[in-house]
Amino acid sequence: MILKVRKHGDPVLRVRALPVKKITKEMLTLADNMLETMYAVDGVGLAANQVGIPVQVVVIDVGEGPIILFNPRIVHHDDEETVGREGCLSVPGLTGEVARWERITVEGMTDNGLSYGKLEAEGLLARALQHEIDHLGGILFIDKATNITKEQAEDEV
Ligand code: NI
């Protein structure tokens, strides 16, 4: 089921999402619907806040297959930062340059309820994870971006 993506100005985008205590059928359905919604609009990532449900769920696909993470958190990062252009499905028509860590390690739960262990990511996947984890804290890329311009993002995350 395709869900309605909330746009900048909707207060739910500024809420700190609550942790998921248990991976219920409801949570799995939410994640599946988020993936379907993300693919329908050619996004590479979506956080549950963006569909109006402030719980800690993110979905990502940077072209390497779908990733569903519950309660994701960054547990390690290198010092190296990379500046890259980002957009957001909740902030249509704008992109901006955002500095992100190039390499991160994320922990969280997968859709089978097990610990993900450590997910090591770099480049676009690391950027997408940081963008989506920011969403769970009520943070949008425009809070961090420089050189914001009006244009359609090529890779909206
Ligand atoms: Ni976004």
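In the predicted model, the side chains of R103 and D78 form a salt bridge with an N to O distance of 2.7 Å, a salt bridge being a side-chain nitrogen of Lys or Arg within 4 Å of a carboxyl oxygen of Asp or Glu. This pair links distant parts of the chain, with R103 in strand β6 (residues 103-109) and D78 in the loop between β3 and β4 (81-88), 25 residues apart. Helices (H or I, at least four residues) and strands (E, at least two) are DSSP runs numbered from the N terminus. The model is a prediction in which local features need pLDDT of at least 70 and side-chain atom pairs count only at pLDDT 80 or more, whereas totals for chains, interfaces and linings use all residues. Residues are numbered from 1 along each chain as its sequence is written, and side-chain values use heavy atoms, with hydrogens and water left out.

R103 also meets E80 in a salt bridge, at 2.6 Å from N to O. E80 lies in the loop between β3 and β4, 23 residues from R103 in strand β6. Relative accessible area is classed as buried under 20%, exposed over 50% and partly exposed in between (1.4 Å probe, protein chains only). R103 is partly exposed, because its relative accessibility is 30%. D78 has a relative accessible area of 27% and is therefore partly exposed, and E80 is likewise partly exposed, at 40%.

By the stated rule, the count of salt bridges comes to eleven. Another of these joins the side chains of D143 and R14, with an N to O distance of 2.7 Å. D143 lies in the loop between α2 and β8 and R14 in the segment before α1, so the pair ties together parts that are 129 residues apart in sequence. D143 is partly exposed, with a relative accessible area of 42%, and R14 is partly exposed at 39%. Side chains of opposite charge can pair when their charged atoms come close.

The nonpolar interior was examined next. A nonpolar core is a set of buried Ala, Val, Leu, Ile, Met, Phe, Trp, Tyr and Cys residues joined through side-chain atoms within 4.5 Å. The largest such core has 20 residues, and those with the most contacts inside it are L30, M34, V57, V59 and F70. At least two residues of this core are supplied by each of α1 (25-40), β2 (57-60) and β3 (67-77). Helix α1 provides the largest share, six residues. Contact denotes heavy atoms within 4.5 Å. With residues up to four places away in sequence not counted, F70 touches V20, I23, M27, L28, A31, Q56, V57, G108, M109, T110 and D111. A second, separate core of 18 residues includes A47, I60, I104 and L125. In soluble globular proteins, nonpolar side chains tend to be buried together.

H135 lies in helix α2. Its relative accessibility is 0%, so H135 counts as buried. Neighbours within four places in sequence left aside, H135 is in contact with L13, V15, A47, N49, Q50, C88 and L140.

Pockets were located on a 1 Å grid over the protein atoms alone, a pocket being an open set of points where a 1.4 Å probe fits, with protein on both sides within 12 Å along at least five of seven lines; lining residues have an atom within 4 Å of a point. Grid points are joined across faces, edges and corners, and a volume is the space filled by probe spheres set on the points. The largest pocket has a volume of about 310 Å³. Its lining comprises 18 residues, of which P72, I133, D134, L136 and G137 lie nearest the centre. Two or more lining residues come from each of β3, β5 (91-101) and α2 (123-136). The lining divides into eight nonpolar, four polar and six charged residues, where Ala, Val, Leu, Ile, Met, Phe, Trp, Tyr, Cys and Pro count as nonpolar, Asp, Glu, Lys and Arg as charged, and the others, Gly among them, as polar.

Backbone geometry was also considered. Most residues other than glycine have a negative phi. D42, although not a glycine, has a positive phi of about 60°. D42 lies in the loop between α1 and β1 (45-47) and is exposed, at 62% relative accessibility. N147, also not a glycine, has a positive phi of about 55°. N147 is found in strand β8 (residues 146-150) and is exposed, with a relative accessible area of 54%.
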